[in-house]
Amino acid sequence: MIVFYKENGHIYATVFDPLPKGYKEAMEKDKSINFIEVTSDMPLEIDGGTQYVDVVEKVLNNRPTIDLQDEYNINVGESLSINIPESSILIFHDSKFMTETLVECSDGLVELDGEMPDTYEITIQKWPYIDKTIRINVT
Amino acid sequence: MANRVLLDVNGLLVSKPTFDVLTTTENNLLFSSDYHKLGFSFKGAIQLTGYSTNEYLSFGKTFTTPPYVFFMYSPSSLDITTEMWVINQASAQNFRSMYSFYVAGSNYRYHLLDFTVSVDGVTVVYNSYTNMSSGFPNAALTGWMTVMATEYNP
């Protein structure tokens with residue numbers, strides 16, 4: 001079985017066994033295509049949502065998770081410090097106006113101030129980590 | 001007992017039980033080498049992720065004409081409750097499927113899947129749409145779209 005991936009290791013397609021005759025050789029000729037050959041009895045268990053290809057080692061790996069709680073509770077005037085992977089994108093969701101604000105965070109430590117009582121949702125994105133959404137209740 | 005198998009300079013014929021291969025009509029044959037066998041020459045899958053996908057998957061060979069291709073998708077979306085099967089037509093190398101349309105009051109969201117079958121591969125373009133301004137959440141598709149290309153005597 002062949003697993004195709006982007007330059008960053010994101011899996012986007014597979015071809016099942018038995019491979020068509022000459023398929024692997026044809027793919028090897030195209031230098032713009034990245035792929036690895038893997039053994040799997042259950043082809044659709046390969047999942048680009050939870051797995052990626054280590055582009056250096058050329059192996060299938062599970063995407064790491066961002067180690068944060070799903071929910072935090074703080075009081076108005078307090079701050080919340082969270083550790084995230086460096087160079088993460090923080091997406092602040094505004095449920096009232098259905099808007100999203102994206103902020104790139106070069107530091108691995110983020111301090112969030114609870115200024116107004118409300119519930120806030122923030123999604124943290126950093127490849128190859130699985131996206132993590134946290135909810136902060138400010139009371 | 002009826003003659004069941006005939007092998008001569010014209011090829012091989014096998015008839016159904018009780019039918020004489022020397023005299024029976026074609027609809028009573030189990031096999032005839034006069035006809036090609038249609039099979040799958042290629043089986044793969046394209047991953048749909050989030051609100052949009054645009055991916056090309058190569059057949060690894062070049063057909064003389066775009067082959068018939070089956071597309072299958074199992075539901076993993078908020079609005080989708082049934083498995084989808086789509087096959088292109090010989091006259092339509094580019095074709096579109098609207099996979100779901102969900103309406104709640106004046107709000108809506110829907111998915112559009114565009115398929116292009118060429119002589120050397122398939123392209124699947126997926127987008128989801130909603131009237132976001134009225135505050136209705138968009139819906140993403142995730143999971144695999146299975147792609148199977150057919151060929152005579154693969």
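## The A/B salt bridge

Let's start with the charged side chains: chain A and chain B share one salt bridge. Its partners are Lys6(A) and Glu55(B), with 2.9 Å between the closest N and O atoms. Keep in mind that this is a predicted model.

## The rest of the interface

How many residues does each chain bring to the contact? Chain A puts in 19 residues and chain B 20 residues. Together they bury about 1500 Å², and 62% of that sits on carbon and sulfur atoms. On the polar side, eight residue pairs are in polar contact across the interface, with both residues at pLDDT 80 or more.

Which elements of chain A do the touching? Strand E2 (11-15) and helix H1 (23-29) of chain A each supply at least two residues of the side that touches chain B. E2(A) gives the most to that side, with five residues. By residue class, the side of chain A that touches chain B splits into 13 nonpolar, four polar and two charged residues.

## A strand pairing between chains

E2(A) also pairs with a strand of the other chain: E4 of chain B, residues 38-48. The two run antiparallel and are joined by three bridges. Where does Thr14(A) find its bridge partner in E4(B)? That partner is Ala45(B).

Now for strand E1 of chain A, residues 2-5, which is covered on both faces. Ile2(A) and Phe4(A) are buried on one side, and Val3(A) and Tyr5(A) are buried on the other.

E1(A) and E2(A) make up a hairpin with five residues between them. In the turn, Gly9(A) has a positive phi of about 100 degrees.

## A serine in chain B

Is Ser32(B) buried or exposed? This residue belongs to strand E3 of chain B, residues 29-32. Ser32(B) counts as buried because its relative accessibility is 10%, and the cut-off for buried is under 20%. Leaving aside residues up to four places away in sequence, Ser32(B) touches Leu12(B) and Leu13(B).

How values were computed: Residues are numbered from 1 along each chain as its sequence is written. Chains are lettered from A and ligands numbered from 1 in the order in which they are written. This is a predicted model: local features need pLDDT of at least 70, side-chain atom pairs count only at pLDDT 80 or more; totals for chains, interfaces and linings use all residues. Side-chain values use heavy atoms; hydrogens and water are left out. Contact means heavy atoms within 4.5 Å. Buried area is the accessible area (1.4 Å probe) that two parts lose on being put together, summed over both. A salt bridge is a side-chain nitrogen of Lys or Arg within 4 Å of a carboxyl oxygen of Asp or Glu. A polar contact is a pair of N or O atoms within 3.5 Å; within protein, one must be able to donate a hydrogen and the other to accept it, and residues adjacent in sequence count only if both atoms are side-chain atoms. Helices (H or I, at least four residues) and strands (E, at least two) are DSSP runs, numbered from the N terminus. Ala, Val, Leu, Ile, Met, Phe, Trp, Tyr, Cys and Pro count as nonpolar, Asp, Glu, Lys and Arg as charged, and the others, Gly among them, as polar. Two strands pair if DSSP finds at least two bridges between them. Buried means under 20% relative accessible area, exposed over 50%, partly exposed in between (1.4 Å probe, protein chains only).
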